[in-house]
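Morning, everyone. Please have the sequence and the model open, and we will go through the ligand site.

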Amino acid sequence: NERTYIMIKPDGVQRGLVAEIIARFARKGFTLRAMKMMNVTKEHAEKHYADLSSKPFFGGLVSYMCSGPVVAMVWEGKDVVKTGRKIIGATNPAASEPGTIRGDFCIEVGRNVIHGSDAVESANHEIGLWFPEGVCE
Ligand code: ATP
Ligand code: MG
């Protein structure tokens with residue numbers, strides 16, 4: 001069954017959005033397979049967003065991800081990668097539709113509450129990076 005890596009970013013945790021976000025994925029019908037709250041090192045954040053290392057906002061993105069604990073999760077279900085991205089909404093909250101997580105809960109691209117893997121291959125890579133101890137069956 002397909003799995004994706006979903007992460008509530010430091011602003012989402014600090015603003016008390018953890019339960020709301022879990023509820024949205026659960027009510028849709030997806031299954032939670034792993035979850036932990038953790039602090040992120042600079043090195044780990046850089047690895048997670050390695051594809052963006054040449055972007056001008058990379059340094060700011062890494063310090064944002066290290067600004068407080070995140071909640072790391074693995075969700076499972078049919079088409080969960082693509083549907084998870086729909087539930088999350090567009091990267092820039094100025095363009096995210098109301099009804100999506102980013103559309104409902106944020107206004108700045110640099111503080112956009114949540115991460116979701118963008119493809120099945122990146123999901124598998126990210127699950128390995130964030131859950132080297134493995135995930136529930
Ligand atoms: P994520 O990977 O976090 O789920 P995404 O796949 O929607 O987001 P990416 O292009 O992978 O978008 O960008 C990763 C993150 O980098 C964004 O979620 C956002 O926090 C940050 N980011 C992207 N573009 C900008 C920008 N122009 N200025 C500041 N931060 C940005
Ligand atoms: Mg991305």
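Where does ligand 1 sit? Ligand 1 sits in the largest pocket. To sit there, more than half of a molecule's atoms must lie within 2 Å of the grid points. A pocket here is an open set of points on a 1 Å grid over the protein atoms alone, where a 1.4 Å probe fits, with protein on both sides within 12 Å along at least five of seven lines; lining residues have an atom within 4 Å of a point.

Before going on: this is a predicted model, where local features need pLDDT of at least 70 and side-chain atom pairs count only at pLDDT 80 or more, while totals for chains, interfaces and linings use all residues. Residues are numbered from 1 along each chain, chains are lettered from A and ligands numbered from 1 as written, and side-chain values use heavy atoms, without hydrogens and water.

The lining of the largest pocket has 24 residues, and K9, Y49, L52, L61 and H115 lie nearest its centre.

Which residues surround ligand 1? Among them are K9, Y49, R85, N112 and H115, each with a heavy atom within 4 Å.

Now the polar contacts, meaning pairs of N or O atoms within 3.5 Å. The side chain of N112 has an N or O atom 2.8 Å from a ligand 1 oxygen. For H115, a polar side-chain atom is 2.9 Å from an oxygen of ligand 1. V109 uses a polar backbone atom, 3.1 Å from a ligand oxygen.

Note on methods. Polar contact = N/O pair within 3.5 Å; in protein donor to acceptor, adjacent residues only side chain to side chain.
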